[in-house]
Amino acid sequence: MIERTRFQPPEPPAGVVGGIEALCRQVRGDVIRMTTLAGSGHPGGSMSSTEIFALLWSQAAVDPENPRMKGRDRILVSHGHTSPAVYSVLGRLGFFDAGEAVRTFRLAGSPFEGHIERTVPGVELTTGNLGQGLSGACGFAIADRLAGFSNRIFVVMGDGEQQKGQIVEARRFAKAFGLSSITVVVDMNGLQISGRTADVMPVDLEAEYSSDGWEVIRVDGHDIPALYRALRPSGNPAGPRVVLAETVMGKGVSFMENDPQFHGRALTRAEAGRALAELGIPDDLDELAEARRAGRPAGRTFHSPCSGGAVLDNVGNPRTYPPDHKGDNRSAFGLALTDLASVNSDRVPLVFDCDLAASVKTEAFAKAYPSHFIQSGIMEHHTASAAGAASLADRVVFWADFGVFAVDETFNQHRLNDINMTNLKVVATHCGLDVGPDGKTHHCIKYLALMGSLRNCSVIVPADPNQTDRAVRFAAANPGNYFIAMGRSKTPVITGPDGTPLFGEGYRFVYGAHDLLKPGKDAVLVTMGSMCHRALEAAAILERRGIALEVISACCPVSLSPALLDRIRGFPLAVSYEDHDRETGLGSRIAVALSAERGAPPLLRLGVDGYGLSGDPEALYEMQGLLPEQVADTIEKRLGRLTSS
Ligand SMILES: Cc1ncc(C[n+]2csc(CCOP(=O)(O)OP(=O)(O)O)c2C)c(N)n1
């Protein structure tokens with residue numbers, strides 16, 4: 001057992017240094033055994049980061065018995081390929097059985113995957129695509145500070161990784177928000193896959209971190225007392241600190257040291273034998289290989305990574321916008337957000353913005369709750385990751401942005417959030433051709449294709465301000481990632497047969513349910529969002545021509561219910577109608593769902609074909625044949641052909 005000092009004594013006790021030295025030798029042996037057994041992995045960086053990991057997890061305020069302890073220090077590893085060393089350190093410090101990690105590393109069904117996974121106790125964030133760890137740390141730091149914790153957040157990164165632009169965004173953010181709880185350690189082994197980092201893409205880390213306002217310390221990353229001193233609480237609480245830890249790739253095994261091939265190559269059986277002998281570790285590789293061959297582990301995870309996703313129990317009283325209301329969905333979102341904050345004064349949501357608060361309607365929230373409004377600047381990659389991590393810290397978190405920035409710009413970050421099973425509510429305004437004159441760079445027409453492809457993300461495309469209000473409250477009251485998409489323009493209130501708002505008093509949002517906007521018998525049209533009212537106009541035109549078009553809003557387009565498919569099946573013609581890329585949106589989803597159905601009707605898909613141009617939305621819809629009159633004509637023509645054939 002190594003004494004846990006929490007970095008309080010000015011010097012590490014001798015027992016601590018000795019304990020960590022012994023641990024590091026074992027860890028290096030584990031790294032060799034794991035990667036050779038698996039036949040792949042990243043031994044070089046694992047062995048240069050070993051002292052850093054061993055010091056952090058043995059000394060920081062973390063508890064192997066209670067890895068999710070409230071107020072714990074958080075240790076993030078951004079270069080997730082160093083998983084062998086991370087798993088070995090955690091296992092040997094008692095977070096789980098190290099033997100299992102060694103035996104099953106990278107084996108199908110094992111929780112010990114090739115890059116570190118948040119399902120493993122002690123791992124704070126799944127990483128693997130480089131450059132996102134510091135952003136995650138910023139999100140945790142913001143959320144933990146609001147929660148009143150005085151914990152520390154450590155982030156270990158690679159030096160090649162420093163070439164990523166998102167890290168620069170995160171550095172600025174950490175300084176701007178005075179995140180002095182953050183200490184970064186860069187493993188400066190000087191090598192990456194293609195050779196020397198200085199040759200691949202030189203980065204002057206000392207100058208860059210200093211000019212971004214960080215405290216910079218340079219240290220020998222294998223010198224445990226020196227590293228310990230560098231990791232002690234900062235004397236400079238105004239800002240974050242980076243420790244540039246000079247290390248040696250493959251440290252501890254003579255023929256691996258400073259050789260970049262060992263960044264990502266496992267040793268052969270014979271090489272591993274020599275390496276273990278050098279380290280003074282018994283060679284049990286043959287027995288381990290036998291045990292590994294005995295069978296794949298039953299797939300298991302230690303715990304559900306999303307357990308405890310924060311929710312708001314009190315969502316206040318929904319607002320009902322009357323039939324003559326002239327407003328946009330984004331304003332309804334902004335008002336619902338301030339409502340949620342006002343009825344949850346002890347659990348105010350955290351709201352991230354990227355310089356668009358006035359347009360995405362979070363300005364009122366920003367004024368009323370400045371401490372919970374995070375102005376991230378034009379740094380969307382960082383923001384997506386930071387907001388995702390913050391949402392894992394027992395806080396309801398919203399990020400509102402234009403569709404093209406909330407989705408297209410940041411898909412990679414959403415994907416990692418999805419893998420981390422975060423609890424983030426992304427609200428994308430300005431979706432579709434509805435954005436109009438800003439032109440094709442600003443038309444987000446792939447939001448369903450992209451966000452709908454994430455496996456842990458619910459997608460809602462509300463029909464009007466009333467449904468937007470309910471959807472926002474629903475997302476805040478339910479755990480998990482939600483993506484809520486809306487256009488820019490004013491959207492009429494949808495009314496029922498009695499002329500009252502369809503999504504008003506008495507309406508309850510249920511995820512996955514579809515909404516019947518108008519019954520009909522001759523054809524069924526399925527739509528979503530800002531096209532709902534246009535679909536109703538098309539239905540009214542057809543009504544005058546004696547054709548009864550049924551109109552359904554599929555406001556949860558990734559969850560097309562069996563009830564909806566059943567309903568569609570009863571019609572001679574189905575039509576999908578969307579302000580989204582026609583090939584990858586609602587129509588495609590319906591086509592796929594219907595392909596498994598017997599007796600499915602032909603499907604006419606109406607949507608955006610190619611990129612739009614710049615202009616008034618109505619003109620852009622006209623160019624795409626998406627105006628209600630055009631839609632009515634197309635449906636009438638198709639029905640005519642059906643009956644004549
Ligand atoms: C965004 C991203 N691009 C590329 C890779 C592939 N990759 C994995 S490790 C690595 C080199 C990392 O170098 P460094 O940070 O110095 O780590 P070390 O070689 O010291 O282990 C690359 C390019 C990745 N994982 N993520």
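This report describes aromatic contacts, charges over rings and a domain interface in a predicted model.

## Aromatic pairs

Across the whole structure, a search finds 17 aromatic pairs. One of them joins tyrosine 87 and phenylalanine 112 in an edge-to-face arrangement, with 5.1 Å from centre to centre and 70° between the planes. Because tyrosine 87 belongs to helix H4 (residues 83-92) while phenylalanine 112 lies in the loop between helix H5 (98-104) and helix H6 (133-146), this pair ties together parts that are 25 residues apart in sequence.

Tyrosine 87 is buried, its relative accessible area being 0%, and phenylalanine 112 likewise counts as buried at 0% relative accessibility. Both residues belong to one aromatic cluster, formed by Tyr87, Phe96, Phe105 and Phe112.

## Charges over rings

Arginine 171 is placed over the face of tyrosine 209, at 4.3 Å from the ring centre. In another such arrangement, the ring of phenylalanine 255 has the charged end of arginine 274 over it, 4.3 Å from the ring's centre.

## Domains and their interface

The chain is divided into domain 1 (14-293), domain 2 (329-485) and domain 3 (515-644). Between domain 2 and domain 3, the C-alpha centres are 27 Å apart, and the contact takes 24 residues from domain 2 and 28 residues from domain 3.

Together, domain 2 and domain 3 bury about 2100 Å², of which 62% is on carbon and sulfur atoms. On the domain 2 side, the residues that lose the most area to domain 3 are Leu433, Ile445 and Leu448, which together account for 32% of what that side buries. The count of salt bridges between domain 2 and domain 3 is zero.

How values were computed. Residues are numbered from 1 along each chain as its sequence is written. This is a predicted model: local features need pLDDT of at least 70, side-chain atom pairs count only at pLDDT 80 or more; totals for chains, interfaces and linings use all residues. Side-chain values use heavy atoms; hydrogens and water are left out. Rings of Phe, Tyr and Trp (its six-membered ring) pair if their centres lie within 6.5 Å; planes under 30 degrees apart count as stacked, over 60 as edge-to-face and the rest as tilted. Helices (H or I, at least four residues) and strands (E, at least two) are DSSP runs, numbered from the N terminus. Buried means under 20% relative accessible area, exposed over 50%, partly exposed in between (1.4 Å probe, protein chains only). A charge sits over a ring if NZ of Lys or CZ of Arg is within 6 Å of the ring centre and within 35 degrees of the ring normal. Domain bounds come from an automatic or database domain assignment. Contact means heavy atoms within 4.5 Å. Buried area is the accessible area (1.4 Å probe) that two parts lose on being put together, summed over both. A salt bridge is a side-chain nitrogen of Lys or Arg within 4 Å of a carboxyl oxygen of Asp or Glu.
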